[in-house]
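Please keep the sequence and the three-dimensional view at hand while reading.

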Amino acid sequence: MLEVTALEQTRASAARASVATHCPYCAFQCGMYVQGSRENATVAGNASFPVNKGGLCVKGWTAPATLSHPDRLLSPLARDTDGTLVPVTWDEALTQVVEAFQRVQARYGRDAVGVFGGGSLTNEKAYLLGKFARVALGTSNIDYNGRFCMSSAAAASQKAFGLDRGLPFPLADISHAQVVLLLGSNIAETMPPMMQYIEAQRSNDGKLIVVDPRFSATARVAALHLGLTPGSDAALANGLLHILIRDGLIDRDYIRERTEDFDKVRAVAATYWPERVERLTGVPEAQLVQAAHMLGTATSAMILTARGVEQQSQGVNNTLAYINIALALGLVGRPYSGYGCLTGQGNGQGGREHGQKADQLPGYRKIDDPAARRHIAGVWGIEESELPGSGKSAYEMLDQLGKEDGVRALFVMGSNIAVSAPHATHIRERLKSLDMLVVADFFLSETAQLADVVLPATQWAEEEGTMTNLEGRVILRKRAFEPPPGVRSDADLLCDLAARLGKGRYFGYSRAEQIFAELCRASAGGIADYSGITYEKIQANHGVFWPCPSEDHPGTTRLFQEHFPTPTGKARFHAIRHLPPGETIDSEYPLYLTTGRVLAQYQSGTQTRRVEQLRSIMPEPLAEIHPVVARRYKLAHGDSVTLATRRGTATFTVKVTTDIREDTIFVPFHWSGNQSSNRLTNPALDPTSRMPEFKVCAVRIEPLVAR
Ligand code: SF4
C-alpha cells in the first residue's frame with residue numbers, strides 16, 4: 001500500500017491552513033489555494049501562478065463540494081446474488097476482480113481483458129495504468145477517453161511538426177499576437193480565465209477571429225465571426241489559403257527554408273476559389289477575404305484549434321489544413337505566433353504522453369518501434385518480447401465489448417464512457433454484455449452503475465501527482481486532506497491488483513513521487529522527455545515545460561524556433577481536400593447537430609452535475625434552435641423537443657436563439673439518460689486518429705409539446 005510519509009503528513013497538516021494546488025477540472029489547471037477541512041474546504045485563486053493569475057471559473061470555485069459530497073463512495077461495491085451492488089471489503093472486491101480477470105484470460109486469451117483510462121488522471125496514474133495493462137495483465141487492449149478529445153490534433157501535429165504539444169508557446173504569448181484565429185472553441189465558457197489573455201491582446205490592438213457555427217460568448221468579443229456550416233473546416237481553411245496565395249500574403253522565404261511539400265498544397269488550394277468556398281462553408285466571400293487579409297498582413301498571428309475542428313471523421317485533415325495556413329504565413333516558431341491546440345481535459349496533454357494509448361509507450365514513444373520497446377522493457381525489467389503490441393483504439397474496443405473476439409472483462413479508471421462515448425445507447429448495451437466490468441471512481445457514475453465491482457478512489461485534493469497543462473507545463477497537484485476511510489488512491493489499488501496477479505515485484509512504489517521518477521526515466525530520450533523534471537523543480541518554477549532532458553535543463557517554453565523534430569528538420573505541408581462529414585443532411589434528417597460544453601458543467605458531469613451551485617446555473621441541457629426553425633416546427637422557448645438521429649433519440653428543453661445557424665442545432669453533452677446528446681452522435685471514426693465524429697451528424701426534430 002502506498003504509504004503517507006511523515007513529510008507528506010507535515011505537508012497535509014500545513015496545507016490544512018492553505019495548500020497551493022490546482023483545479024480538478026480542465027486543461028487550464030488553474031492554480032488555487034485549498035483551505036479548511038475536507039468536510040468544509042474552500043478555495044482561492046493563486047495569483048502568483050502565471051497561468052490563471054488568480055482567476056478561477058465557477059467550476060473551480062465550487063470544486064471542494066465534491067470532497068465531502070453525500071454521494072461519495074466510501075466502500076467497494078459488488079453484486080450480491082440478487083444483482084444489487086452492495087458494500088464489500090477491499091479484499092473481497094479485489095479477489096473478485098483478480099479471479100474474474102484470470103478466468104477470462106485463461107478462457108479467451110490475454111487481450112480479452114481491457115483497460116480504459118482517462119485524460120483526468122495524473123501523469124503518474126496514466127503511466128502506471130499503461131504499465132499495469134502491459135506488465136500485470138499482459139494485454140494490448142488499453143486506451144482512454146482522450147481518444148475522444150485530442151487525438152486528431154495530436155496526430156496532425158505529429159505529421160506536420162514531428163511533435164505534439166498542445167501549445168508550443170506559453171499562454172502569455174497570446175496577449176502579444178496581433179491576430180488570433182480561434183477555431184471550434186468557446187473559451188469564454190469552457191476556460192473563462194483564458195479570456196484575460198484575449199482581453200490583454202485586444203488592449204494591445206490585437207484582433208480575434210472566431211470560427212464557430214454558434215455565435216458563442218467568445219464570438220461576441222471577436223472582431224470577426226465566421227459561422228461556418230458544421231463539417232466544412234477543410235474547405236474553409238483551403239479557401240483562406242487560396243486567398244493568401246492569390247493576394248501575395250504568404251511568406252516565401254519561410255516556406256523555402258523551413259518547410260517541404262508546399263507545391264502540392266498550392267495546387268489543391270488553387271481549386272478552392274472564394275465563391276466555391278462560400279457555397280461549401282456558408283461563409284460569405286467578403287468575410288473570407290477579410291479574415292485572410294487580417295491574418296496575412298499581421299506581424300504576428302496565432303491559429304488555435306479545438307474540438308469543433310478536431311472531433312470529426314476528417315479531424316486530422318481539418319487540423320492539417322489550418323496548420324498549412326500557419327506554415328504558409330511563416331508563423332510557426334516565430335515570436336507571438338504559431339499554431340496550437342487547446343487541450344480540454346485536465347491532463348489531456350500528459351495523459352496522451354505516457355502510455356495509456358493503445359499504440360503508445362511512455363515518452364510519446366510508438367509501441368511498434370523496436371528501440372522504444374527495448375528501452376521501456378529495460379526500465380520495466382521485462383523482456384521486450386513480453387511487451388504486448390498495439391491494441392484496439394477506444395471506440396473500437398468499446399464497440400466489440402463482450403463479443404467473441406472482443407474484450408470480455410474491462411477495467412475502467414477515471415472515465416464515464418456510458419455518457420461520454422458516441423452512440424451511447426449501443427455502448428451501454430456492450431458494457432452490460434461483459435463478463436466482468438470493474439470501475440474505479442469516487443461517485444457511482446452511469447458507468448459504475450453498470451459495474452460488477454466498483455472501487456472507491458481518492459479525489460484531487462487527497463493525493464499528490466503531476467499534471468501537464470495545455471501549454472505542456474508540468475505542474476504538481478498537492479495533497480491537502482486525508483482521504484475518507486475506506487477510500488484508496490488509484491495508484492494504490494493498481495499496485496495491490498498487480499501484486500494479486502503475481503506481478504507485485506514490478507509495482508513496488510510507496511509514493512507517487514517514486515512513480516514519477518520512473519516515468520521520467522522511461523521518458524528519457526523520447527519526444528515527451530521529462531527526465532530532467534522533479535517535484536522540487538516544478539514547485540520552484542511554477543511548473544516545467546517539456547522537453548526537459550536533464551536536471552540542469554530549464555525546460556522548453558517555446559518549440560520549433562530553430563528547427564522541427566522531423567527527419568529533415570523541416571515542417572511538412574499536407575495537401576488536404578474537403579470531404580463531407582460521415583452524415584450529410586437530407587429530407588429525412590434535415591438539420592445538423594453539433595455538441596459541446598457549457599460554463600457550469602464539465603465532461604460527462606459525474607462531478608459537476610452533483611454540485612448544487614453549478615446545477616442551479618443550468619439544471620438541464622438546452623437545445624439551441626434558430627427562430628426560423630422553431631417557427632417551422634411550432635416550437636417556443638421552454639418547450640420540450642425530441643431530437644432523432646439514425647442512432648436514437650434524446651429529449652431536451654428548447655432555447656430559441658439567433659446565436660445558432662438556421663441549419664444547425666446545438667446541445668451540450670454533460671447529461672445522461674434521455675438527455676444524453678451522445679445517444680445521437682455518430683461514431684464514424686477519423687481514419688488516422690480514430691476520433692469519433694461528435695461534432696456533426698444529421699438530425700430531425702420530433703416535437704412533443706408545441707404551443
Ligand atoms: Fe480553471 Fe478550468 Fe478549473 Fe475553470 S475548470 S477553474 S478554467 S482549471
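This is a predicted model: local features need pLDDT of at least 70, side-chain atom pairs count only at pLDDT 80 or more; totals for chains, interfaces and linings use all residues.

## The surroundings of Glu 583

Glu 583 is found in the loop that runs between strand 22 (571-572) and strand 23 (591-596). Its relative accessibility is 9%, so Glu 583 counts as buried. Leaving aside residues up to four places away in sequence, Glu 583 touches Arg 646, Arg 647, Asn 682, Glu 693, Cys 697 and Ala 698.

## Salt bridges

The whole structure holds 40 salt bridges. One of them links the side chains of Lys 125 and Glu 463, at 2.6 Å from N to O. Because Lys 125 belongs to helix 4 (residues 123-137) and Glu 463 to the loop between strand 18 (453-456) and strand 19 (465-468), this pair ties together parts that are 338 residues apart in sequence. Lys 125 is buried at 8% relative accessibility, and Glu 463 is buried at 10%.

A salt bridge also connects Glu 257 with Arg 256, with 3.8 Å between the closest N and O atoms. Here Glu 257 is exposed at 52% relative accessibility, and Arg 256 is exposed at 53%.

## The largest pocket

The volume of the largest pocket is about 560 Å³. Its lining comprises 22 residues, and those nearest the centre are Gln 158, Asp 359, Gln 360, Tyr 364 and Lys 366. Helix 5 makes the greatest contribution to this lining, with four residues. By type, the lining residues are six nonpolar, eight polar and eight charged.

Key. Residues are numbered from 1 along each chain as its sequence is written. Side-chain values use heavy atoms; hydrogens and water are left out. Helices (H or I, at least four residues) and strands (E, at least two) are DSSP runs, numbered from the N terminus. Buried means under 20% relative accessible area, exposed over 50%, partly exposed in between (1.4 Å probe, protein chains only). Contact means heavy atoms within 4.5 Å. On a 1 Å grid over the protein atoms alone, a cavity is a set of points where a 1.4 Å probe fits but cannot get out, and a pocket is an open set with protein on both sides within 12 Å along at least five of seven lines; lining residues have an atom within 4 Å of a point. Grid points are joined across faces, edges and corners, and a volume is the space filled by probe spheres set on the points. Ala, Val, Leu, Ile, Met, Phe, Trp, Tyr, Cys and Pro count as nonpolar, Asp, Glu, Lys and Arg as charged, and the others, Gly among them, as polar. A salt bridge is a side-chain nitrogen of Lys or Arg within 4 Å of a carboxyl oxygen of Asp or Glu.
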